[in-house]
Amino acid sequence: MCLAVPARVVSLDSEAESAVVELDGIQKDVSTVLLDRVDVGDYVLLHVGFALERIDPQEAENTLAMFAEMRAADA
Amino acid sequence: MKYLDEYRDGATARIMAEAIRAEADTGRTYRLMEFCGGHTHAIFRYGIQDLVPDNLCFVHGPGCPVCVLPAGRIEAAIRLAEGEDVILCTYADLMRVPAGKKDSLHKAKARGADIRMIYSATDALGIAQANPDRQVVFFAIGFETTTPPTAAVLKIARAMQLNNFSVYCNHVQTPPAMAHILDSGEAQIDGILGPSHVSTIIGSRAYADCSGRYAMPIVIAGFEPLDVLASTLMLLRQINQGRHAVENQYMRVVSETGNQKAQALMDETFEPRALFEWRGLGVLPNSAVQIRDGYSQFDAEKRFAMQGVDVAENKGCICPAVLRGVSRPDECRLFGTACTPEDPKGACMVSSEGACAAWYSYGRRSASAGTAMEARS
């Protein structure tokens, strides 16, 4: 029930507080009413038709860098 | 897909598993509760239990909304759907959960009740607009992840004066349930894998009280397998160092303070509910929300004077003990015989997040678990 998937914002309708997002080739209208700000190209976490939060690309990169460090230490 | 595939890499998983084995003290056991059903299924689906040492055990928590909803709340919804001329809308997860006398929403629908599965809370609004001469009730369930969308539709309904729409509110809260489990102590857990998307909304600081009061290590973990493994390693380090803190592995979508816009929307539309019954955990104070007075015309419990219904749970079903982390699904005598996903007797076998469903779908193949991860690498 709490599952949410990352989707890329394709276009925004700021008046309607909605966005078109793309997810593995599928486009969908979602509500952005729960977000403070969002831009085209952002990835958002999609849950029951609502964008719950923007995915922070820098933090995502930091986590992947930590994984890469573990692989490097193992090599 | 971006932000998923990178967190499912098999080679990295094996390296992390090695690090976990190196960190684990062979002279003791580790009981880690994954609070969320989403984590339970990640652990089984990706064979994580088989990657970690035998003295590390994942204990399944109550974080499955349909599993913790008592049968009486579903029975009350069935009575509403059959007794009044309403369209009852709900998420698919709830349809097959057992209510009283082996009934379910699915069976009530088959008998002719107008019960509709929806994907989004906004779909219920659309159905209300399309059927102005019928009453439309949204049977809302879920933890804090799913509460803000319900809050959003309440606000829209009030702005639109959509007087044929109401919400049967069953939203529950994570920290009180976590505190209850830690307070009883019966699950004997050493650390908690904290919720992913609940934490996106409420923030990592929401667990500071639980961690401090019960000296409990908590790591907020993402739902992907590498997130779960990295968080497990962080928990082992805390435990081995004798520390207890709330740490956050899922930094890409969880902040310390959470989504404050969503929190404000929830505050505006909901207020604490003094008492709410949970399957397995009993009646807990301040563990759920109800619709605020300003929105009471959209409260289905008030509009239809819905009454609480007492329903006896199936006596053979040990869902309550499973939800408290005290028993394992395979310790239930109904498991895999009388109770299967095709013909569930207990809620934990119905839901795609339920612990029994995870054991049934993946656990029976424990000898080959983990192969999905290897095949990817």
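The request and its answer follow.

Colleague: Which residues of helix 2 of chain B are buried, and against which elements do the buried residues of this helix pack?

Modeller: This is a predicted model, in which local features need pLDDT of at least 70, side-chain atom pairs count only at pLDDT 80 or more, and totals for chains, interfaces and linings use all residues. Residues are numbered from 1 along each chain as its sequence is written, while chains are lettered from A and ligands numbered from 1 in the order in which they are written.

Helices (H or I, at least four residues) and strands (E, at least two) are DSSP runs, numbered from the N terminus. A residue is buried if 20 or more other C-beta atoms lie within 10 Å of its own, exposed if 12 or fewer, and partly exposed in between, with C-beta atoms placed from the backbone. Eight of the nine residues of helix 2 of chain B are buried, so this helix is largely enclosed by the rest of the structure. The eight are B:G37, B:G38, B:H39, B:T40, B:H41, B:A42, B:I43 and B:F44. They pack against strand 1 (30-36), helix 3 (48-51), strand 2, strand 7 (191-194), helix 12 (225-240) and helix 17 (355-361) of chain B. After helix 2 of chain B comes B:G47, with a positive phi near 65°.

Chain B is divided into domain 1 (1-317) and domain 2 (319-360), with bounds that come from an automatic or database domain assignment. The centres of the two domains, taken over C-alpha atoms, are 17 Å apart. Domain 1 of chain B brings 28 residues to the contact and domain 2 of chain B brings 23; two residues are in contact if their C-beta atoms, placed from the backbone, lie within 7 Å. On the side of domain 1 that touches domain 2, helix 2 (37-45), strand 2 (56-63) and helix 4 (65-68) of chain B each supply at least two residues. Helix 2 of chain B provides the largest share of that side, five residues. The residues of that side comprise 15 nonpolar, nine polar and four charged. Here Ala, Val, Leu, Ile, Met, Phe, Trp, Tyr, Cys and Pro count as nonpolar, Asp, Glu, Lys and Arg as charged, and the others, Gly among them, as polar.

Chain B also meets chain A, in a contact that takes 40 residues from chain B and 30 residues from chain A. Strand 4 (43-47), strand 5 (50-54) and helix 1 (57-74) of chain A are the elements that give two or more residues to the side of chain A that touches chain B. Helix 1 of chain A gives the most, with nine residues. That side of chain A divides into 18 nonpolar, five polar and seven charged residues.

Chain A itself has one helix and five strands, in the order β-β-β-β-β-α from the N terminus. Within strand 3 (residues 26-31) of chain A lies A:S31, a buried residue with 22 other C-beta atoms within 10 Å. Apart from neighbours within four places in sequence, A:S31 is in contact with A:E17, A:S18, A:G49, A:F50, A:A51, B:T122 and B:A152.
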